[in-house]
Amino acid sequence: MANHQKNEANEMKKGEVVVAMVPFPAQGHLNQLLQLSRLISSYSYTYNVSVHYVASFTHAHQAKLRVQGWDPRLQPNFHFHHFPTPHFHSPPPNPNASVQFPAHLESSFEASLQLRHPVAALLRDFSGTARRIIVIHDSLMGSVIQDVASIRNAESYTFHSVSAFSIFLFLWEAAGKPALNLKEVKLKLLEDIPSLDGCFTLEFLNFITTQHQFKELNSGNIYNTCKSIEGCYVDLLEGLEIYGGKKKHWALGPCNPTQMLGTTTPLTGEQIKELAIGLEQSKQKFIWVLRDADKGDVFSSSSSSSGEGRRAQLPEGYEERVGGRGVGLVVRDWAPQLEILGHSSTGGFMSHCGWNSCLESISMGVPIAAWPMHSDQPRNTVLVSQVLKVGLVVRDWAQREQLVAASTIEKKVRRLMASREGDATRKRAAELGVTIRRSMDEGGVSRKELDSFLAHITR
């Protein structure tokens, strides 16, 4: 493997700019940098760049297996590089954990940090031929790419896979909430933001802190967002001295054409039954993707993706009943999220509000019924429901430890799907979707950001 990759490095065109992507090993993160790879590689001949996606054996294979809508093998200037990592424990998810962050994945996160030396060796191989090496790394992989500083023709850019709104709040709070230009930000909104209590395990907060210590090494920041929806927060991030200073910032999103419906966090059996009853009683047609959460290694013998994980139990005869009446369809594997969201019959999306799902739903003009579970999801819920006003809240974060009753779910689904308020929300979502899709067209704001970034790295 090492020789093959070294040969590939030697075969690069002289004077080429090499872009190396280093993703974080969780499905949503893997997907975002894979899609940014697709986007940049589509301009490879215009800008004389090649794109290289660098990950562990397990996670490169996972990314390739789940990619939808394009075949990376048909892109001559796109390449996968995969390296071994130490064996890691891959336990099943715990739906009864007090904190719903996917702690069962943390051993795979730690193992991925061992990629530092093979990544550095690969970049040094590239440096002998490439005019410039551009490393785009997930914000949670800072320690892995730290050796970029010792390579004369290399520079790194941090890719942020969460909303600019969430990043801004996190860094603003860390800086002691300095005074802001609140021209475009409502002060009351900032006072009502959910705390981070219950969003992460202590171990993962320490992981974040460690990785963010390397942010000073980067030459700029990239956001998977669109200025049409988060422009004011990107501007605020540029103004935070703790973050960026005079570094460049680009909003290149949405990087989301091929996400798959799934989750990293399972619901309890009791909550699944309440959700089933609530959906049925709402009398609204639905597709429900009901699968166990990913393990750290989705290819391990007991992994949910191989069909051997926990199979959620529904009320007796439920699937036959809702399916027979043409009311509902229960899917127990990954499903093509963007294809479903883009269908004209889709009028709403119940989501945990991970940023991938939020962007895809908004891009397709579909309003969101928010059910946050962990991480940035509670704050994305605020962005969706209070700032952009393209969704409503099913489960309030303050009541996260309580069971959401079937009657509440029924009421929220009806409110989104069969009320004047829901119609107005759907109209706003549709309008915003058009705006985002146009942003990627020639002359659109996201297209201009991409052109600016590509011109910068090939300068």
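Reader: What volume does the second largest cavity have?
Author: This is a predicted model. In it, the second largest cavity has a volume of about 50 Å³.

Reader: Which residues lie nearest its centre?
Author: Pro25, Ala26, Gln62, Leu105 and Lys295 lie nearest the centre of the second largest cavity, out of 11 lining residues. By class, that lining has 4 nonpolar, 5 polar and 2 charged residues.

Reader: And how many cavities of 30 Å³ or more are there?
Author: The structure has 3 of them. The largest cavity has a volume of about 70 Å³. Of the 14 residues lining the largest cavity, Pro25, Ser56, His59, Ser112 and Leu115 are the closest to its centre.

Reader: Which element gives the largest share of that lining?
Author: Helix α5 does, with 3 residues. Both β2 (49-56) and α5 (106-112) supply at least two residues each.

Reader: Changing topic. At what angle do α16 and α17 pack?
Author: Helix α16 (residues 406-417) packs against helix α17 (residues 420-439) at about 60°, and their axes are 5 Å apart. That angle makes α16 oblique to α17.

Reader: Which residues make the contact?
Author: From α16, Arg415, Leu416 and Met417; from α17, Glu421, Gly422, Thr425 and Arg426. By class, the contact has 2 nonpolar, 2 polar and 3 charged residues.

Technical notes. Residues numbered from 1 in each chain as written. Predicted model: local features only at pLDDT ≥ 70, side-chain atom pairs only at ≥ 80, totals over all residues. Heavy atoms only, no water. Axes fitted to C-alpha atoms, helices over the stretch in contact; angles between N-to-C directions. Helix = DSSP H or I, 4+ residues; strand = E, 2+ residues; numbered from the N terminus. Parallel < 35°, antiparallel > 145°, perpendicular 65-115°, else oblique. Contact = heavy atoms within 4.5 Å. Nonpolar A, V, L, I, M, F, W, Y, C, P; charged D, E, K, R; others polar. 1 Å grid on protein atoms, 1.4 Å probe; cavity = no way out; pocket = protein on both sides within 12 Å on 5 of 7 lines; lining within 4 Å. Points joined across faces, edges and corners; volume = space filled by probe spheres on them.
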